[in-house]
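Subject: Structure handover

Hello,

I am passing this structure on to you. Please open it before you read my notes.

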Amino acid sequence: MPARPSPARFATRLRCLRCGTEHALDLRASLCSVCSTDGIDHGVLDVLYDLEAAARALRTAPADPRSDVFRWAPVLPVDAPPVTLWAGGTPLIAAPRLAHSLGIAELWLKDDTRNPTRSLKDRATAIAMAIAHELRASAVYCASQGNAAISLAGFAAQAGLECHVYVPATASETRLRWLRRYGAQVHVVDGTYDEAYAEAEAEGAANGWYSRNCAFNPFLVEGKKTVAWEIREQLGGVPDVLVAPVGDGCTLAAIGKGFREMRDSGVTKRLPRLIGVQSDTMAPLVSRFTAGTGVGAGAGAQDASGASTTSRRRAGTHAHQSRASSILVGRPRNALRLFAELRESAGELVAVDDTAIERAEDGLAREAGVICEFTTAAGIAGLREIAEREPLAKARVVAVLTGGRVDVV
Ligand SMILES: *Cc1c(COP(=O)(O)O)cnc(C)c1O
Ligand SMILES: [Zn+2]
């Protein structure tokens, strides 16, 4: 095989999304070293590229047999490792019947349920594993009770790298079974998710393992943004609207970043309007964004449930927990990144209840032939809410199917 040019020459710097300070590119980087850690937003770093040169490299690249995320190497911070599960390169499926019942001109489903561990998280894990390889890490770890941990466990199993996952005692038996089946070392932490996170960071740092903890690792969104590059190619252009379920905010923000990079490098002319969907039982980002306080450090004070007064009517009145477990994030870790992309694209966030998600789940199965994770159907529920409010009869819409393990609880 001919040697590929290293993509690292197009990634130039890291910039803090909170204070704007630029830092040298370093694959070991985590949070901004200048920002304090108080307030609700951390100094999450963003990878900058020489976008024009990267776009030129993509345009003139020889036909590449790869169809996974590393096909987009010029806009990634790291080369493909010698061994990797195949993340990305998923189909874009037409859903004319579902589009009709939603009153939308054109609806396409980006089917990321077909990733190796059945979720879009695999795109981020592929990048994390590549960096772990480059840094010669002895092990990888993350704290999660959901798809991120299962994804990491699967990729680590294939690469033969030790994998530690920290899960709160409340993690379901189903999820634990997936993790053990992949051979991960499961650390059940007697406490909440936040306590599991703290313990993971402490032990990971002490042992020199590589971290796949969401948001704080600046490189993971780079893998997720490849969804956008694929959609543009599959659609032959940019959709009018793009919808996805939102927990921490990394996924939708990453997709927004991908489209913005295409626009800024002259590959496309405009951006899709981004629509993010949360569960009305836990919708801190909806509250904050709608209140217009998404700017700057520490803005948008929340109460303990994460609901501000503007959306209490919708978001704070439910005592029960939604079944959309993959987006139930009380303290989202990538709000600033998401809000920046939403503002840029004139996008918005909506909250939906479980009844609406059940209806969307039904519609996906009966009218589009898709069975997916409950959380994923929230995107379609949010789309229905938008479509009821404003005409989308001329719009070309893409809904991202983020997860496909129907047994996730
Ligand atoms: C993680 C996840 C999301 C949300 O992604 P965030 O980056 O947390 O906003 C949505 N759907 C599924 C299936 C997920 O696993
Ligand atoms: Zn900073």
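First, the ground rules. This is a predicted model, in which local features need pLDDT of at least 70 and side-chain atom pairs count only at pLDDT 80 or more, while totals for chains, interfaces and linings use all residues. Residues are numbered from 1 along each chain as its sequence is written, chains are lettered from A and ligands numbered from 1 in the order in which they are written, and side-chain values use heavy atoms, with hydrogens and water left out.

Overall fold

The protein chain has 14 helices and 13 strands. Both are DSSP runs, numbered from the N terminus: helices are H or I with at least four residues, strands are E with at least two. The C-alpha trace spans about 50 × 50 × 40 Å along its principal axes.

Of the 409 residues, 58% are buried. Buried means under 20% relative accessible area, exposed means over 50%, and partly exposed is in between (1.4 Å probe, protein chains only). The chain exposes about 16500 Å², and carbon and sulfur atoms supply 50% of that area. Accessible areas come from the Shrake-Rupley method with a 1.4 Å probe; for residues, only the protein chains shown count as cover. Among contacts with a separation of 6 or more, 72% join residues 24 or more positions apart. Contact means heavy atoms within 4.5 Å.

The zinc site

Which residues are the protein donors of the zinc ion (ligand 2)? They are Cys16, Cys19, Cys32 and Cys35, each through SG, at 2.3 to 2.4 Å. Donors are N, O and S atoms within 2.8 Å of the metal (3.2 Å for Na, K and Ca); water is not among the atoms, so sites may look incomplete. Along the chain, the donors follow the spacing C-x2-C-x12-C-x2-C. Cys16 sits in strand β1 (residues 11-16) and Cys35 in the loop between β2 (22-24) and β3 (45-49), so the pair ties together parts that are 19 residues apart in sequence.

The ideal angle for four tetrahedral donors is 109.5 degrees. Cys16 is buried at 3% relative accessible area. Cys35 is buried too, at 14%.

Salt bridges

The structure holds 27 salt bridges. A salt bridge is a side-chain nitrogen of Lys or Arg within 4 Å of a carboxyl oxygen of Asp or Glu. One network links Asp46, Glu222, Lys225, Lys257, Glu261 and Arg337. Within it, Lys225 meets Glu222 at 2.6 Å, N to O. Both of these residues are buried. Lys257 also bridges to Glu222, with the closest N and O atoms 2.7 Å apart. Lys257 lies in helix α9 and Glu222 in helix α7 (residues 220-224), so the pair ties together parts that are 35 residues apart in sequence. Lys257 is buried, like Glu222.

Glu261 lies in helix α9 (residues 250-264). Is Glu261 buried or exposed? Glu261 is buried, with a relative accessible area of 3%. Beyond residues up to four places away in sequence, Glu261 touches Tyr49, Leu51, Val75, Glu222, Lys225 and Trp229.

Another salt bridge joins the side chains of Asp111 and Arg114 (2.7 Å, N to O). Here Asp111 is buried at 5% relative accessibility, whereas Arg114 is exposed at 53%.

Helix α8

Helix α8 covers residues 226-235; seven of its 10 residues are buried, so it is largely enclosed by the rest of the structure. The buried residues are Thr226, Val227, Ala228, Trp229, Glu230, Ile231 and Leu235. Just after α8, Gly236 takes a positive phi of about 70°.

Best wishes
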